[in-house]
Structures are given as structure tokens and as C-alpha cells.
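I set out to look up how one structure is packed, entry by entry.

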Amino acid sequence: MTRRGMLAGVAAVGAAGVIGGKAAAQTSSKPPASRESVELTWFGNHAWQIRCGEHIVLTDPWLTRFHTGTFTPEGADPKTKLVIDKAVVDKHLGKADAILVHHGHYDHMSDVPYVAARTQATVLGTQTHVNLLKAMRTQADLLSAVRGGEHLVFDGFTIEVFPSLHSCGGKRHTYAYPGYHQDSVPPRPRVIEDLVEGGTLAYVITIGGLRILSLSTANFDPIALRDLQVDVVLAAPGGEPGVTDRLLQTIKPVPTVIATHWDDFDKPLTAPGVPWTDLTPLRTSAERSGARFVVLDHLEKLTL
């Protein structure tokens, strides 16, 4: 399917979702009086800025987007060197209170050491993520190891941590770069295969009275999320067949599903997002559950 065809599918949501121009993405009904406005900005992949007033939460802030070949027939070159483009980070990110690491792969964690140093935000992740970040010379007193079950109160928002699962695929139901560094700090990561998955987490961010479930892959832990009540789900395409249907049947009915991690991240952040897969199954799952389905493009904002 061509990019035009894939985007046509998601654009067809009409009143149920948005894509394209910034005016459309920023349009929303007036929030209830009991809530404050929450602004979400998408930086591609699973990099989100969630802001309410002066309070800012970042999810997997990877903006450098160096070339890996991930979505080519050959796949990613595991020896691709890790680099950080400080200029692009500086252009888009200036302040944050918390950084949520969902899993340890390069397209989620490579920029975290620099973003943490720049913002002095608290960084949450598994013990493996913390050890990898220490190996990447991240300021140790910013790091907090979590495992699921935590309810953390920050100034202006709360974070609930849930165990989760990375999406699997292919004949053997596998994913790239599995592994852990739970017991010690490894050698400094130099190439993308050095950043192992290290466990996957899901988070619920409650900010401005809005509850946002943040999932970095299509998969999830059905026991951890059973009957969870949220207002928004950040949901990724891909994974095993029917996984999004199962997610939306596991949690309580949710008003809004926002697509995440759908773009080919070898393409520049300054260009429109190019889907790496057809978003129609994700949209169909969301709409079948009664949710509004929303797709933002690179650097677009949505106010809820």
C-alpha cells in the first residue's frame, strides 16, 4: 500500500479523528470545568510532550532519528552507531519534570541522557534501563528504577507504573535486541544492538484531571491493565493479530485513542510522517470500541 493510501485510510475518520493541518489537530471541544487543558505534542515514534500549564512529562524522547534501515527489506543494521543530535533536541525541548522510559531500544532511549541533563527531569525506567543510562553517563541522581505497581506523586501530576510487554512478530514471535542488565552497569553502549529491550513498562499519566495510558508498543499485560479506567490511550500499530481489540476489551471503554509509533523514523522529523504500516486495523479497532481515533503528524499538537 502506498503512503497516500495509508494516510487516506486514517484521514477518513472525519469527526472521529484528525490528521494533517495544525488547525485541525488543535481543535477540540471545551474541556469540562473540573479539568485543565492538557496539550500533547508528537515528535514522532513514541516521543510525546504532555503539558499542563508549567508541568511537562516526556515519553521516550528520541528526536535525533539517525538512519538505521529499520523499515527496509534488509532491516536495521545492528552495528549502526548511536549518535545524539543536540541541536534538534535543543530546538524542541527545554523543560520537563519527568521522563518515562517504556523500553530500552535505541528508538526510545538514545537521547534520554542528553534530555535528562538538559531538563534535570526525573527519569523512570526498569533496573536495566537505569543501568544502561548510567553506562551512557546519565546523571545518576536523576534515575529512578521502577517495575510496575508504583503510584508516584509529582508536583502537578501523578504517574502510575504497570508491567507491560514488547510486541512480537514473525514466525517465531520475536522482537529485536532482547536482553537485560539488571545486576550491573554494562560497558557503554556504542551501537543500536547494545540498547536491549530490558523489560517494557506502561504508564498512566494523570495531569490536569486527564488520565492518559501510554503504551510504546502494540502489546500489553492483560492482567496489569484489566478494567483500567483512562480517558486517552496512546496505542501503537503492529504486533500480533487482534492485539488492539484485546487491549480495548481489557480496559474500560475509553473515549480517545491516539496513534503512536506509526512513522518510519528514518525519515526526518521536519517532513510529514510516513507510515511504516497500514493504520487501518488500529483505526478499525478503536472505532469498533466506540473511541474517537486521532492521528497527529510530526510536531503537531492536540489540546484535550
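**Entry: helix α6.** I looked up helix α6 (residues 127–135) and found it mostly covered, with seven of its nine residues buried. Buried here means under 20% relative accessible area, exposed means over 50%, and partly exposed lies in between, with a 1.4 Å probe and protein chains only. Helices (H or I, at least four residues) and strands (E, at least two) are DSSP runs, numbered from the N terminus. I listed the buried residues of α6 as Thr128, His129, Val130, Asn131, Leu132, Leu133 and Ala135. These buried residues pack against α4 (106–109), α5 (112–119), β5 (122–125) and β6 (143–145), where contact means heavy atoms within 4.5 Å. After α6 comes arginine 137, and I noted its positive phi, near 70°.

**Entry: conventions.** I kept in mind that residues are numbered from 1 along each chain as its sequence is written, and that side-chain values use heavy atoms, with hydrogens and water left out. As this is a predicted model, local features need pLDDT of at least 70 and side-chain atom pairs count only at pLDDT 80 or more, while totals for chains, interfaces and linings use all residues.

**Entry: overall counts.** I recorded nine helices and 14 strands in the protein. Buried residues make up 54% of its 304 residues. Of the contacts between residues at least 6 apart in sequence, 67% join residues at least 24 apart. The protein exposes about 12800 Å², of which carbon and sulfur atoms supply 53%; the areas come from the Shrake-Rupley method with a 1.4 Å probe, and for residues only the protein chains shown count as cover.

**Entry: nonpolar cores.** I took a nonpolar core as a set of buried Ala, Val, Leu, Ile, Met, Phe, Trp, Tyr and Cys residues joined through side-chain atoms within 4.5 Å. Which members of the largest core touch the most other members? Among its 53 residues, they are Leu40, Ile159, Ile212, Leu213, Leu225, Val233 and Ile251. Strand β9 (residues 200–207) gives the most to this core, with six residues. Apart from it lies another core of 34 residues, including Leu63, Ala96, Met109 and Leu269. I then listed the contacts of leucine 225, not counting residues up to four places away in sequence: Phe162, Leu213, Leu215, Phe220, Leu247, Thr250 and Ile251.

**Entry: aromatic pairs.** Rings of Phe, Tyr and Trp (its six-membered ring) pair if their centres lie within 6.5 Å; planes under 30 degrees apart count as stacked, over 60 as edge-to-face and the rest as tilted. By this rule I recorded ten aromatic pairs. Tryptophan 42 and tryptophan 48 form a tilted pair, because their ring centres are 6.1 Å apart and their planes lie at 35°. Tryptophan 42 is buried at 0% relative accessible area, and tryptophan 48 is buried at 1%. The rings of phenylalanine 71 and phenylalanine 265 have centres 5.0 Å apart and planes at 65°, so this pair is edge-to-face. Phenylalanine 71 lies in the loop between β3 (55–59) and α3 (86–92), and phenylalanine 265 in the loop between β12 (256–259) and α9 (280–288), so the pair ties together parts 194 residues apart in sequence. Phenylalanine 71 is partly exposed at 30% relative accessibility, whereas phenylalanine 265 is buried at 2%.
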